[in-house]
Amino acid sequence: MNVKKINRRLQKNGFAAFSVHETEDGLVLTGKSDNWDEIVNAGFCAAKKYGRTHVINDCVFTGDAIPPIRAPKLVDKAIDGMKPDVLVIGGGVVGAATARELMRQKLDVLVVEKEYDLAIGASGRNDGCVHPGIDLLPGCEKHYYNVRGNRMFDQLAKDLDIEFDRCGQTVVFDSKKLLPLAPLIKLYFKCMGLGNVRVMTEKKLKAFEPALRDGMKLGLFFPTGGVVCPYNLTIALGENAAQNGAKFSFDTVVTGMETQGGKITAVHTNRGTVYPRAVVNAAGVFTEDVAKMAGDRFFSIHPRKGTNTILDHKTVSMVRTSYSLISELKEEGHSKGGGIIRTVDQNVLVGPDAFETYKKEDFTTEAKNVAAVFQKQGRATERLRQSDAITYFSGVRAATFEEDFIVEKGRKCANIVHAAGIQSPGLTAAPAIAVALAKMCGEILTAQGKKAEKNPDFDPHRQGIPRLAKLPDAERAAYIEKNPAYGEIVCRCEEISRGEIVDALHRPIPCVTVDGVKKRCRPGMGRCQGGFCGPQVAKIISEECNIPLEAVRKAGEGSELLFGKTKGGAENG
Amino acid sequence: MADYDVTVIGAGPAGLAAALAADEKGKRVLLVERAARMGGILNQCIHDGFGLLRFGERLSGCEYASRYVRMVEAAGIETTLLTFVTRVEKKDGVFHITLVTKDGVRTVTSTALVLSTGCRERTAKQVGIHGTRPAGVYTAGTAQYYINILGEQPAKRVVILGSGDIGLIMARRLTLEGAEVLGVFEAKSTPSGLTRNIAQCLDDFGIPLHVSHTVTRVFGDARLEAVEISEVDEKMQPIPGTAQKIDCDTLILSVGLIPENELAETLGVTLDPRAKGPVCDQNYETLVDGVFVCGNALHVNDLVDYVSESGASAGAAAADYSGKARELAELTADGGFLYAVPERLDTAGDLSKTVVFFRSREVREKSQVSVSVNGETVFTKKYQRLKPPEMERIEVDLSRVKPGDRVTLELREA
């Protein structure tokens, strides 16, 4: 590590106010700025892409106060004194998948999640693409886990009874430059393990994706790409873990750790102290904070925000698979640049964009960002219109300066494993990352003298909530005969029945909120955005779970929908 | 032979009137309703002002609905409640309608179809509200359902965006229930709701109306904590530097209604981008033979009386539907109109009492509406004042119109 060279590079590139020095943890970046982008760019300048020595950001940001973690107000002793073999911190896709993998062994597993449900962070706020790994080269962690994760999806979707469409991914070029290289491109991707990539010239491409604008010169179709509903996947993984005995504690934030001799001995939360043998750090944008608590901070996360827009079902014919345009216009940034994606629920998803932010949980949306995404993606098809948007949402990626995943055991802490820097293609990679993390946990436990023992009762299968609207009439009628509530439609836009909503309230990991139900079976996901079914869903929650209507929440703590009875409502009981 | 002569989808005021009219002609009628009771949105409208034209009385929405429901029940019309139409297909000139109920899935056949599917509210996302996604952002109709149907209070400190009628009604309703309505903000330079509602719902309760203002952002992670209000220019774009933050726990949106025509679209019905409902002729028959449309599915009405009227006309015409070829001429409204319906005239049918509904694009004083056929004016009417929130109705004798004639609706200064 040539620190001098890096410092010279910082000087030369206009980051004179910054410098690095080497510590036993990594490459520590110091400096001061009121401009967050400048700090991030200095980090990039100091870092080596895919490098294994990480830039640790100790810069002082003077531009604003960095908001504290969004922590639950709840304080109790719900998990106090628990001694799980493995404590998983984070109920995102990696945490849920890891918990499930761990259950293949006879282990006591506890997952803590600071939010009220699974997949509230980046896992529930992405485009759902299962990536072929087009731009990844062998040697980096992203490539390793993406290739393996991608291959696992067909079986995983079958086992978990979730929708997965291996529809492929198309990359479109509006320049002729690559045309002469077409035969080589095909060979290249074949060698890279991406299968039989289809190379299409203008005419074939137009026939393949008819909504593309004229004048697209070259299209590459990657058959191993796919789409999945990201929160559905995360919830399904979590549910299957729970069915196999994993425990989940929500509204539970890790507040500190006790370490002794390079080992975590206790983990403090707002719901009590637990004493795990091993800890999985799957805390997304907060992985650095968790690592720090364990005395094992050897990397830094710089949050990167992106916004996606969902369009009305009516527009779904504008995309058969998913496509993104690589234009001659120079593009900046570290993201593929988003695309137009046909979701498994037959909506069109547009986005995402990418912006650096110092706010790890900034889920707000901005009109200008949505407009910019439409302008950019509209270069691929003229059918894209903002007026077809039914909703938009933001997520925050947990990027490291090296732009690679960190999937490894603690460097200084003996009983932690980290899954950090899990941004795109994190969703694709998650099942493979989980396998690796579970293996590492097994090694940690073995080192502590706990013999590995297979869980003979492990069942990888999970049954989802039936989606009546997608069934043929006869099958649908059979369901209704068994349970007439399947014949009462509550959500008109997505055609969701009362029976499905009731099912969603009685899952292995129930989430008794309007948004929890919405994520599990889709009422309110349609064009009226719950305008009609919202109150009915609230009422079903109230009746089914025996809680007063005014206690029914939209989402987490403090999000109650109602303030109590009206004057007349009180009289009528 | 089909199971029914006429199937009416949606038992709100339009569908109830349509079913009654078809039944009066002695036809076999099926009335389909997805909710547990008939009446549609009227059931949650406990305020008065309904029925002045139809019954010559001021009724509440519930009373107005129940009068029609009683008539439908008295006539013995076959109705199916809690019934959802999942699919409609036209095969060999007959409609096959697939219905889902608690009893299962069944398909019925019908010679004619009346779509009285109503409308839905535009949402926060559709008007580009950004910021966080907290609880406490409701459309006016949702808030109305909570209060009037469930007896629950959704708000304490309220900002209302949009001066549509439901928003105005809710400003009063929330105030009566003890909430503090901080103001109604309207992006347009003129109010969207009826004048009488502004007087009775805002002025009488001292609730301020701010035109040329909109909500540009919402704040709060769990529950709404505040909204940012900005002044807007003539193009309704926020003017920088005018933003102010208002603390509130609830934002109510009354920002427009959209006719629900998803079912119609699956049948290949052409929509009018101006009226946002299906293009139809004077009998409310769409461009797909045998498919009729009425009420708010056709265009958003401000008076239920007109909804019932179009329902009755559509129902009667559907009962008379014989599959005989139509000979259509176009009725074109000039740019002075927001829209006008119908957009077509069936010259093979009766045009002697053609009813035209329209709204002006802008507020105008002293105007004249005229109808001309091939350049020759055949009808004029003068108005002291025209404004977009108030729909106008004219009845014109257009018997002379022949296929291919150019029929235009024009708006001029009087």
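This is a predicted model: local features need pLDDT of at least 70, side-chain atom pairs count only at pLDDT 80 or more; totals for chains, interfaces and linings use all residues.
**Entry 1: chain B, surface and overall build**

Then I asked how much of the chain is tucked away. Of its 414 residues, 59% count as buried.

Next came the overall dimensions. The C-alpha atoms of chain B fill a box of roughly 60 × 60 × 40 Å along the principal axes. I also checked the radius of gyration: a compact globule of 414 residues would come out near 22 Å, and chain B has 22 Å, so the two agree.

For secondary structure I noted seven helices and 27 strands in chain B. I also looked at how far apart in sequence the contacting residues sit. Taking contacts in chain B with a separation of 6 or more, 63% are between residues 24 or more positions apart.

Last item for this chain was charge. Chain B carries 47 positive and 56 negative charges, and their mean positions are 1 Å apart.

**Entry 2: aromatic pairs**

I moved on to the rings. Searching the whole structure gives 21 aromatic pairs over all chains. One of them is Phe15(A) with Phe18(A), an edge-to-face pair at 6.2 Å centre to centre with 75° between the planes. I checked both residues for burial: Phe15(A) is buried, and Phe18(A) is too.

Another pair I wrote down is Phe189(A) with Phe222(A). Their ring centres are 4.8 Å apart and the planes stand at 90°; anything over 60 degrees counts as edge-to-face, so this pair gets that label. Where do Phe189(A) and Phe222(A) sit? Phe189(A) is in helix H5 (residues 182-191) of chain A and Phe222(A) is in strand S12 (residues 218-222), so I have a pair that links distant parts of the chain, 33 residues apart.

Buried or exposed, then, for Phe189(A)? It has 8% relative accessibility, and the cut-off for buried is under 20%, so Phe189(A) counts as buried. Phe222(A) is buried as well, with a relative accessible area of 0%.

I also noted a cluster: Trp36(A), Phe61(A) and Tyr358(A) form one aromatic group.

**Entry 3: cis peptide bonds**

In chain A, one joins Gly351(A) and Pro352(A), with omega about -10°. Pro352(A) is in the loop between strand S22 (348-351) and strand S23 (355-356).

In chain B, a cis bond joins Val341(B) and Pro342(B), with omega about 0°. Pro342(B) lies in the loop between strand S21 (337-341) and strand S22 (344-346) of chain B.

Which phi does Gln346(A) have? It is positive, about 65°, although Gln346(A) is not a glycine. I placed Gln346(A) in the loop between strand S21 (339-342) and S22 of chain A. Its relative accessible area is 30%, so I put Gln346(A) down as partly exposed.

Glu403(A) went on the list too, with a positive phi near 60° in a residue other than glycine. Glu403(A) is in the loop between strand S24 (389-400) and strand S25 (406-409) of chain A. What about its cover? Glu403(A) has a relative accessible area of 3%, so I wrote it down as buried.

Methods: Residues are numbered from 1 along each chain as its sequence is written. Chains are lettered from A and ligands numbered from 1 in the order in which they are written. Side-chain values use heavy atoms; hydrogens and water are left out. Helices (H or I, at least four residues) and strands (E, at least two) are DSSP runs, numbered from the N terminus. The radius of gyration is taken over C-alpha atoms; the globule rule is 2.2 Å times the number of residues to the power 0.38. Buried means under 20% relative accessible area, exposed over 50%, partly exposed in between (1.4 Å probe, protein chains only). Contact means heavy atoms within 4.5 Å. Lys and Arg count as positive and Asp and Glu as negative; His and the chain ends are not counted. The place of a charge is taken as NZ of Lys, CZ of Arg, CG of Asp or CD of Glu. Rings of Phe, Tyr and Trp (its six-membered ring) pair if their centres lie within 6.5 Å; planes under 30 degrees apart count as stacked, over 60 as edge-to-face and the rest as tilted.
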